[in-house]
Amino acid sequence: MAWIELHQSLPQHRKLLALRDALGLRTPAAIGHMCLLWLWALDNAPDGDLSALPAKQLAEICQYTGHRTGDLAAALRTSGFVDADGRLHDWGDYTGRLIDQRAASRERQRRRRARLRAAAMEESKEDGT
């Protein structure tokens with residue numbers, strides 16, 4: 001099970017305050033939208049690249065119900081949570097180890113399956129089937 005690092009300073013962080021103010025939200029709502037985005041990104045954008053997401057889909061991911069979905073995308077950029085290239089800011093610094101662990105796990109599983117296939121083929125040769 002994956003998890004995200006959540007710092008105690010987040011509620012007063014300048015980026016969160018900028019996001020909150022840009023969207024006219026209360027702090028708990030802004031934190032919630034960011035947490036939903038980060039959790040979604042762990043499985044769906046492991047490299048942190050959100051650039052292909054339409055504004056409406058981004059709003060759905062964050063469960064943002066503001067009047068204009070484009071406001072969220074713009075606020076994420078102006079607040080500094082998302083870089084100009086559409087990537088989550090410093091995402092690799094926070095998730096790099098998790099992404100590496102997942103890749104290593106996939107590789108271990110791939111090697112295990114290959115060994116099992118080879119053993120099954122060898123067994124079938126010995127059985128004459």
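Reader: How many helices and strands does the protein chain have, and what makes a run count as one?

Author: The protein chain has five helices and zero strands. Helices (H or I, at least four residues) and strands (E, at least two) are DSSP runs, numbered from the N terminus. This is a predicted model, in which local features need pLDDT of at least 70 and side-chain atom pairs count only at pLDDT 80 or more, while totals for chains, interfaces and linings use all residues. Residues are numbered from 1 along each chain as its sequence is written, and side-chain values use heavy atoms, with hydrogens and water left out.

Reader: What makes the span of helix H2 close to the expected one?

Author: The expected span is 1.5 Å times one less than the number of residues. Helix H2 (residues 27–44) has 18 residues. From its first C-alpha to its last it reaches 26 Å, close to the 26 Å expected.

Reader: Why is Leu 37 called buried?

Author: Buried means under 20% relative accessible area, exposed over 50%, partly exposed in between (1.4 Å probe, protein chains only). Leu 37 has a relative accessible area of 0%, so Leu 37 is buried. Other buried residues of H2 include Ile 31, Met 34 and Trp 38. In the protein chain, buried residues make up 29% of the 129 residues.

Reader: Which residues is Leu 37 in contact with, leaving aside its neighbours within four places in sequence?

Author: Contact means heavy atoms within 4.5 Å. By that criterion, Leu 37 is in contact with Leu 50, Leu 58, Ile 61, Cys 62, Leu 76 and Leu 88. Leu 37 and Leu 50 are 13 residues apart in sequence and 10.0 Å apart in space, C-alpha to C-alpha.
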